[in-house]
Amino acid sequence: MTELDDPKHPGGLRSRGISYQEVLDTDTHEVPPVLRLQSDRYLGAHDVPVDRYISREYHELEKERLWPVTWQMACREEEIPNPGDTHVYEIVNTSILVVRTETGAIKAFYNVCLHQGRILRDHSGNTPELRCPYHGFCWQLDGTLKRVPSRWDYPTVRRDNFSLKEIRAETWGGFVFINMDHGAQPLTSFLGDIDQHFERYSLTDRYIAVHTVKYLRCNWKVAQEAFMEGYHTIATHPQILPATADEMGQYDAFEHYSRAINVTGVASTSLSWTPSEDDMAAVSFNSGNPIEESGSLVPEGMTFRTWGAQLGRNALRPIIGDAVDKLCDSEMMDAFFYTVFPNFHPWGSYNRIVYRFRPYGDNHKQSIMETYILQPFAGERPPPAEPHILGFDETHLDAPELGALAEIFYQDELNMPRVQQGLHVLPRTKPSGVTFGVYQYSKIRHFHNLYEEYLGVGKEAPKRMNDSPSG
Ligand SMILES: [Fe+2]
């Protein structure tokens, strides 16, 4: 029996290249235990039906069973720093208003005027009170009724029965999350033990240096899945293969979140030539990576990894001080991309990237992909960048502030509408749906297993071979 005949043993379904754990063995610094975690959780080998990407029925099920009950990142705390600051977050056909109140607390309400149902605030921004632009019904920042024009004409309206309807708002890592389900478990309990993955690199002490908002002609899950595996590097981003150990990445699935670790500075096994350390430096693509400014020649006696890690520490030292000396080569060089169910994707270490994906309005064939670059800073917090909207007919190349990521994202976005198109054709040849890899699609399989649980569809419970991390 070959390993392909034995899909119940994920350990046997690993690339034959050097593993991430073996790369860690060569690190010049002490490796934190969280990088030694490996989840041996078998997530299935079944095909996934295409309906959930292309059918209106699934979109309606998401509106009923997913979006109203899940924690969603609505904004950064830094976007509403002062009393009266508001942020409008829209998910499908629901508008949510996040408000910094007079006391400094953060509250969230359905963004609708209780009078005649107009959307209460059209835009984010500061306001002394929440006043409907239509007839002027007005609420305090904490949601209590403040003023009713022609008060005499509304005998049924009282302060005690006309407060804005509050929904849950809780924070993590400098992000504000909302949840419309009052019975939902608290955000921190939903996130479980995720803090261990971020405690060495606070996401709170960051500012939004770049924020792009790209409209895409594909389902939101097609879009986010283009960022949940490194497998597509071989065909979509071949230019980075000399320094990217694409299929040797590590994938882990935890309760409501998952992670992938992709190694930089080890060449892909798919190459027919052996890149030098200088070749690897030349294709370094991380946004803001100091290697780009230092030329591409690796000093004698160093590897691209050890040199790049050292340059990274030097660049961070003015900001986080001697704490940089605790960061290992992997933390400085590798890509750690996390996914919190259903649509929030913070990268780890000082990778700085965060994605959020959601449908474009009430449309299941269009979506919004947002990218935040969260930079650490020294001294006073810089103001957050304004969102840069990239319309359907623009591309990420129109956002040069993304640096080298603009080209990577451009390559990704070329696939997305073609996937959406092809998913309509696929059932004619293979009704069972898309065929994901067993291991490299761990994050995507983990998502779909949870998705099935939430929607109550295609129920095939994940077979959990071993929930306890090893190593
Ligand atoms: Fe990609």
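**The cis proline**

I began with Pro-342, which is found in the loop between strand E14 (335-340) and E15. Helices (H or I, at least four residues) and strands (E, at least two) are DSSP runs here, numbered from the N terminus. The peptide bond joining Phe-341 and Pro-342 is cis, with omega about 0°.

**Ground rules**

I noted that this is a predicted model: local features need pLDDT of at least 70, side-chain atom pairs count only at pLDDT 80 or more, and totals for chains, interfaces and linings use all residues. Residues are numbered from 1 along each chain as its sequence is written.

**Positive phi without glycine**

Next I looked up two loops. Arg-352 sits in the loop between E15 and E16, and its phi is positive, about 75°, although Arg-352 is not a glycine. Arg-352 is also buried, having 22 other C-beta atoms within 10 Å. My cut-offs, with C-beta atoms placed from the backbone: buried is 20 or more other C-beta atoms within 10 Å of a residue's own, exposed is 12 or fewer, and partly exposed is in between.

Val-92 lies in the loop between strand E2 (85-91) and strand E3 (94-100). Phi of Val-92 is near 55°, again positive in a residue other than glycine. Is Val-92 buried or exposed? I found Val-92 buried, with 20 other C-beta atoms within 10 Å.

**Two domains**

The chain divides into domain 1 (3-50 + 190-455) and domain 2 (72-183); such bounds come from an automatic or database domain assignment. Taken over C-alpha atoms, the centres of domain 1 and domain 2 are 35 Å apart. To their contact, domain 1 gives 16 residues and domain 2 gives eleven; I count residues as in contact if their C-beta atoms, placed from the backbone, lie within 7 Å.

Which elements give two or more residues to the domain 1 side? I listed strand E11 (206-216), strand E15 (344-346) and strand E16 (353-360). The residues on that side of domain 1 are nine nonpolar, two polar and five charged. For the classes, Ala, Val, Leu, Ile, Met, Phe, Trp, Tyr, Cys and Pro count as nonpolar, Asp, Glu, Lys and Arg as charged, and the others, Gly among them, as polar.

**Helix H9**

Buried residues of H9 include Phe-304, Trp-307 and Leu-311. Among the elements covering the buried residues of H9 are helix H8 (277-282) and helix H10 (329-333). Just after H9, Gly-321 has a positive phi of about 70°.

**Strand pairings**

Strand E4 (residues 106-110) and strand E9 (residues 166-172) are antiparallel over two bridges, with Ala-108 facing its bridge partner Ile-167 in E9. E9 also runs antiparallel to strand E10 (residues 175-179), through five bridges. In their hairpin, with two residues between the strands, Gly-173 has a positive phi near 60°.

Methods. Two residues are in contact if their C-beta atoms, placed from the backbone, lie within 7 Å. Two strands pair if DSSP finds at least two bridges between them.
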